[in-house]
Amino acid sequence: MSFRLSYRADPGNPWFSWQYVRDNSDTILAALREHASLTGRAVLIAALIALPLSVAAYWFRPLAGPILGVTGVIYTIPSLALFAFIAPYLGTGTTTVLVGLVLYALLLIVRNVVAGLNQVPPEVREAAEGMGYGRWGRLFRIDLPLAVPGILTGLRLATVSTVALVTVGVLVGHGGLGQLIFAGFQNNLYKAEIMTGTVLCVALAILLDLLLVVVVRLFTPWSARGVR
């Protein structure tokens, strides 16, 4: 997505300008929508991949090390280098950005889900087995509900991290609000443009984090004390 900007010259070049926001409201909203969309899709895909990996690491202890190790190594790769490596194979589209974001989110979710599952009291597991629950029944009725605080922590960390990393997608032309920040530096350090993109990034991260807390508290009130 390309963003064409039109704004009036501001001799004072302030860090914030309502004139800039009014003149570019459509562009700003388009960047915000793209940023939120990329974040939501990346975290959702990462969660769908991370949950089975976490369960596998929880059930089969020898797999825990390799799973956490591989996701950890991926997380240490610099974002610019990762996007540059993926782009020749997938092109400069949203798919490249999504793949990179999903890979980075995996470690944060897997590590916290595994930690949450491991914190389920042994006596609770034994009681569930005594009541006749099988492995799958115990997972869905006991383990996962009790691991909700850990799962939520992973999702929150992954979401906030992904909001920040989306901006790097500007490298392949799909950086959401990062497009505004990058364009601001290109336009002779146009401060209002840079600040608008930055403030909206922070606001989006905070909003999504609060939304996750509210949703989980509504649907899992028993875990409310474990959510901070």
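I began with contacts in the chain (heavy atoms within 4.5 Å), and found that among those between residues at least 6 apart in sequence, 74% join residues at least 24 apart. I note that this is a predicted model, in which local features need pLDDT of at least 70 and side-chain atom pairs count only at pLDDT 80 or more, whereas totals for chains, interfaces and linings use all residues. Residues are numbered from 1 along each chain as its sequence is written, and side-chain values use heavy atoms, with hydrogens and water left out.

Next I looked up the elements, and the chain has 10 helices and 0 strands, taken as DSSP runs (helices H or I, at least four residues; strands E, at least two) numbered from the N terminus.

I then turned to one helix pair: α5 (residues 94-118) and α8 (residues 148-166) pack at an angle of about 165°, with their axes 7 Å apart, the axes being lines fitted to C-alpha atoms over the stretch in contact and the angles running from 0 to 180 degrees between N-to-C directions. That makes α5 roughly antiparallel to α8, a term for angles over 145 degrees. I recorded the residues making the contact, including L101, Y104 and L108 of α5 and I151, L155 and L165 of α8.

Last, I checked burial (under 20% relative accessible area, 1.4 Å probe, protein chains only): buried residues make up 46% of the 228 residues in the chain. Helix α9 (residues 177-186) is mostly covered, with 7 of its 10 residues buried, among them L177, L180 and I181.

Notes: Buried < 20%, exposed > 50% of the residue type's maximum accessible area, 1.4 Å probe, protein only. Parallel < 35°, antiparallel > 145°, perpendicular 65-115°, else oblique.
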